[in-house]
Amino acid sequence: MAPMKLPDSAPSPTQDSERLSRALQGRGVDENVLVWILGHRNALQRKEIKETYQQLYKEPIIYRLHSKLSGVLKKAMVLWMNEAPERDAILAHEALRRKWKRLNQLQALVEIACASSPKHLMAVRRAYCSLYECSLEEDIISNVSTSLQKLLVSLASSYRHDRGFVDLNIAKSDAAKLHEAIEKKQLDNDDVVWILATRNFFQLKATFGCYKQRYKVAIDQAINSSGNGDVSFMLRTVILCIECPEKHFAEVIRASTVGQWNTDKDSLTRVIVTRAEIDMKKIKGEYFKMSNTNLDDVVTREVSGVYRDFLMALIGGKF
């Protein structure tokens, strides 16, 4: 469960909506009130607030937040107030439509496909079509380099069985196919893409285990030795998101805060907002093991102002 702290007895959605309305009125915005309320309400409570606010003021609260806030705080709060499928659809669209795309931004597509359930991926695809009047797959083909298209389209369009069934014979066979492709440096091989995009997560974890047992090296390390291009990076992201998503997200946070001059606030926001109610406690644990530093201390050091307070609320920190 997430470490985000909720009040023992939350005010009613009407009371929250009225306080939020007052905070968003006039020229100024009482951002501290927004953090205190929205940063301490779970998904169901936020949904009730949105419905109540709409009934009371005939305006979506997301529109109000969008018009009154600015910068990274606006992005974080607007994402937080969207339902999870819409939130991920927005993140995918932003990653795909950037003029200058970086691999760490396109990671969001892999996270959606491999670090959440098949049902959630289907919901994201529906939300994407509703919001942008085209499919996620179409936008990938139109906006991603040819080398990554096959992998990302296959991941985005897949529907895995969400069950724990594992066939060890298939795991051994798939491990052999993956090993052959890696040895030949054919990382975009059809077998590689098909296995990673269609097998259920339990089956894939068994396959990765068979690979390490048989070839005495972890599959992500083997891929890294086979090449360091875009496909190699994305394949390693796929594997880590499947094997240990909390470790992947801890690494994304670490990478977002190592720049000497500039923190990657987009990546930091994406991880904290999307995982706050899923596995933030595990992410904080992995981050500490990785860097011997508390995530709370890093957020306090790397960002400032009400944006910092909001992120701290979502990770259950003191501010």
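Exposed, as the word is used in these legends, means over 50% relative accessible area, and buried means under 20%, with partly exposed in between.

**View 1. Salt bridge between Lys150 and Asp190 in the predicted model.** The closest N and O atoms of Lys150 and Asp190 are 2.8 Å apart. Because Lys150 belongs to helix H10 (residues 146-157) and Asp190 to helix H12 (residues 190-198), the pair ties together parts that are 40 residues apart in sequence. Asp190 has a relative accessibility of 54% and therefore counts as exposed, whereas Lys150, with a relative accessible area of 35%, is partly exposed.

**View 2. Salt bridge between Arg125 and Glu137.** In this pair the closest N and O atoms are 3.2 Å apart. Arg125 lies in helix H8 (residues 118-132) and Glu137 in helix H9 (residues 136-143), so that the contact ties together parts that are 12 residues apart in sequence. Glu137 counts as buried, because its relative accessibility is 14%.

**View 3. Salt bridge between the side chains of Arg275 and Asp279.** The two side chains meet with an N to O distance of 2.8 Å, and both residues, Arg275 as well as Asp279, are buried.

**View 4. Network of salt bridges that includes Lys75 and Asp266.** Glu94 and Arg98 also belong to this network, so named because its members are linked by salt bridges, each of which requires a side-chain nitrogen of Lys or Arg within 4 Å of a carboxyl oxygen of Asp or Glu. In total, the structure holds 18 salt bridges, among them the pairs Lys150 with Asp190, Arg125 with Glu137 and Arg275 with Asp279.

Terms used:
Residues are numbered from 1 along each chain as its sequence is written. This is a predicted model: local features need pLDDT of at least 70, side-chain atom pairs count only at pLDDT 80 or more; totals for chains, interfaces and linings use all residues. Side-chain values use heavy atoms; hydrogens and water are left out. Helices (H or I, at least four residues) and strands (E, at least two) are DSSP runs, numbered from the N terminus. Buried means under 20% relative accessible area, exposed over 50%, partly exposed in between (1.4 Å probe, protein chains only).
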